[in-house]
Amino acid sequence: MHRLFRPVATFGRRLATSSAAPKIDKEALMELRRRTRYSFINCRKALQEFGPNRLPEAEKWLHELARKEGWEKSTKLSHRSTKQGLVGVATEKNVAVIVEVNCETDFVAKAADFKSL
């Protein structure tokens, strides 16, 4: 049997490779994430917008975006429970303190930054 059309999967792959997003400098992405603590996705958007040589502008843009979307986003996330976390105990002489710090996922709870709190 003779085929008149190419399979859809091959066509889709060709489209995906031709319209791929530009490469992002990993060093710049790590630096922007370190400075802002914003998500990988948002930092990548900022770098696509401003490029790796304009980190201060990208950082300012991210802060403005967070300020603009922040309250709405926090309202959407307010119903999510924080089931994971750590408990810390400190004692000195006759004084003791117990601190509980919660987060949403065990991935965060196991991270070194979270444990150092």
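**View 1. The whole chain, read along its sequence.** The protein follows the pattern α-α-α-α-β-β-α-α, which comes to 6 helices and 2 strands, where helices (H or I, at least four residues) and strands (E, at least two) are DSSP runs numbered from the N terminus. This is a predicted model, in which local features need pLDDT of at least 70, side-chain atom pairs count only at pLDDT 80 or more, and totals for chains, interfaces and linings use all residues. Residues are numbered from 1 along each chain as its sequence is written, and side-chain values use heavy atoms, with hydrogens and water left out. Buried residues, meaning those under 20% relative accessible area (1.4 Å probe, protein chains only), make up 15% of the 117 residues.

**View 2. The largest nonpolar core.** This core, a set of buried Ala, Val, Leu, Ile, Met, Phe, Trp, Tyr and Cys residues joined through side-chain atoms within 4.5 Å, has 10 residues: A28, L29, L32, C43, A46, L47, F50, L55, A58 and L62. The elements giving two or more residues to the core are α2 (26-36), α3 (40-50) and α4 (55-77), and the largest share, 4 residues, comes from α3.

**View 3. The packing of α2 against α3.** The two helices, α2 and α3, pack at an angle of about 120 degrees with their axes 10 Å apart, the axes being lines fitted to C-alpha atoms over the stretch in contact, and the angles running from 0 to 180 degrees between N-to-C directions. The contact (heavy atoms within 4.5 Å) is made by A28, L29, L32, R33 and T36 of α2 together with F40, C43, R44, A46 and L47 of α3.

Terms used:
Buried means under 20% relative accessible area, exposed over 50%, partly exposed in between (1.4 Å probe, protein chains only).
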